[in-house]
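I opened this notebook to record what I looked up in one structure. The entries follow the order in which I consulted it.

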Amino acid sequence: MSERPRPLAAPLRGVNLPNPLGRRALVIGAGSFGTAVAVLLARGGFRTTLQTRTVEQAELLRAAGENERYLSGVPLPSNLRIESIEAGPGKAEFIFLGVPSAQLGEAVDRLERQGLDKRTKVVSLSKGLVPPLGVPPTVLLAERFGTQRVACIGGPAHAREMVTQGAGLVASSADEELAATIAAVFLRAGVVCEHTDDPVGVELAGAAKNAAALAAGATEGQGLNAAGAAAGHIFIEVWRLAERLGAQPATFIGLAGTGDLVATALAPQSRNRRAGELLAAGVPTNEIPGRIGQAVEAFESVPLLASALQRHGISAPVTTGLVRLIGGTLPLDEWVALVRTTVPPPASWRAGGGQEPGPLRRWWHRMLERLGLRRPAGALGAGPDGNGAATLGDGTASAGEPSRAADVDGDAVPEPAALEPPAAAAPSD
Ligand SMILES: NC(=O)C1=CN([C@@H]2O[C@H](COP(=O)(O)OP(=O)(O)OC[C@H]3O[C@@H](n4cnc5c(N)ncnc54)[C@H](OP(=O)(O)O)[C@@H]3O)[C@@H](O)[C@H]2O)C=CC1
Ligand SMILES: O=C(CO)COP(=O)(O)O
């Protein structure tokens, strides 16, 4: 990646976009991502204001013409207004929340106190969950403002690379016009932005990739197969929650999920991956954010994800293990053993070797389902015999062991089982 910022070619060729000139946008939170998004919105034609947490920070940014602390070397466009959050939302038509998810509730409370116009749209940039319940940010925003006024942004988007070379953004909202308008302004700024109608899927994919990148970073020193398995287990565990909440598989497969996972797990500068590496090096969790100097979203969102998974009765031994690794109660070698020995639940085979059943068999299945003797096709969780994830014990796969807990559908799910670690792991070549 080039270190010298250069303007992107804008707008992207072949894309016919409405002119957004005159529409007002406000970005709250002048960290690396908030600053980068504000630069792009200004480039894309919005009348944009970036709000810092304090008056002093706003003065520093104005005087330097750049955000030296969070995005050094990227000039702030002359048409980008800088002020502190004390100025309030003013006449903004769009508000982008660029604060870490742990501070999102506080930022929204302040906006409401300051008097937010009833038509203003609110867009979350966060890739984490909101405490204390661990809800996706747009769920909290929709409760306050209504689903049609809220959106989120996901996708592979390291802040510096995004303003200098581009990114693969996803703008998502229940309101098609809102998602399309946000995508259009980024496209005008020269950055690819898909628009979708699956905000919760985008947000859970972002939270999953941060957790997976942290897990991979903590595990890679023990072997790349283990790192990949850690990421894969966490992704599928969080996907089951996303599916329960109505998310679409394409969201996890595409830019917001797999795309962002690869961008984060491969990036030496990724905060979440580095946090995992520091954990593996024995650095106490509470010292890591200070060393990195920025928000490490996964530290807060992994425990929230694990509680949400538990609340929904979804078996999540690896995400739960990651909580304990972060909390210092699971030693690294036991974490790696957990990753290396967890066996995902088996597929649910359909009759006829995976082919669609004929009309008579479909009728028979419906009858059995009505009588409660068969789980509906596509039901979440395990196959017809109710298996969840299992672990390898003495070297024998035991994927079909009956489990003790039950999920909300009444399907049996296993608790993370006690482990028998395999022989010491060696790095793969
Ligand atoms: N950086 C990236 O490449 C990407 C980040 N994101 C997401 O963007 C969000 C922000 O991350 P990022 O910019 O990287 O984080 P940083 O740690 O770089 O910056 C966070 C910023 O938020 C400010 N802030 C914190 N709380 C408040 C508040 N209550 N009101 C106003 N400002 C506040 C901080 O101010 P102060 O300096 O005073 O602490 C700081 O400027 C995260 O959810 C992250 O997941 C998404 C995609 C990419
Ligand atoms: O979300 C990101 C890139 O898309 C940034 O990831 P990190 O927070 O791990 O640096």
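**Conventions.** I note that this is a predicted model, in which local features need pLDDT of at least 70, side-chain atom pairs count only at pLDDT 80 or more, and totals for chains, interfaces and linings use all residues. Residues are numbered from 1 along each chain as its sequence is written, while chains are lettered from A and ligands numbered from 1 in the order in which they are written.

I consulted UniProt, whose unreviewed entry lists "domain: Glycerol-3-phosphate dehydrogenase NAD-dependent N-terminal" at residues 27–177. UniProt positions are given in the numbering used here, feature names are shortened, and annotations may be inferred rather than shown by experiment. I found the end C-alpha atoms of residues 27–177 to lie 20 Å apart, with the span 33% helix and 25% strand. Helices (H or I, at least four residues) and strands (E, at least two) are DSSP runs, numbered from the N terminus. For residues 198–336 I noted 76% helix and 0% strand, with the end C-alpha atoms 33 Å apart.

I looked next at strand E2 (residues 47–52), where five of the six residues are buried. A residue is buried if 20 or more other C-beta atoms lie within 10 Å of its own, exposed if 12 or fewer, and partly exposed in between, with C-beta atoms placed from the backbone. Strand E1 (residues 24–28) pairs with E2 in the parallel sense over five bridges; two strands pair if DSSP finds at least two bridges between them. Val27 has Leu50 in E2 as its bridge partner. The chain runs from E1 through H1 to E2 in a right-handed β-α-β crossover. Right-handed here means that, with the strands pointing away from the viewer, the path from the first strand over the helix to the second runs clockwise. E2 also pairs in the parallel sense with strand E5 (residues 81–84), over four bridges, and Arg81 in E5 is the bridge partner of Thr49.

**Strands E9 and E10.** I found a right-handed β-α-β unit made by E9, helix H6 (residues 176–188) and E10. Strand E9 (residues 168–173) and E10 pair in the parallel sense over five bridges, and Val170 has Glu194 in E10 as its bridge partner. Of the five residues of strand E10 (residues 192–196), four are buried.

**Ligand 1.** Which residues come nearest to ligand 1? Of the 27 around it, they are Gly31, Phe33, Ser126, Lys127 and Gln294; a residue is near if its C-beta atom, placed from the backbone, lies within 6 Å. H1 gives the largest share of this shell, three residues. The domain bounds come from an automatic or database domain assignment.

**Ligand 2.** I counted 13 residues around ligand 2, the closest being Ala157, Thr264, Ser270, Arg271 and Asn272. Helix H10 (255–266) and helix H11 (271–280) are the elements that give two or more residues to this shell. Ligand 2 also lies between domain 1 and domain 2, because both give residues to its shell.
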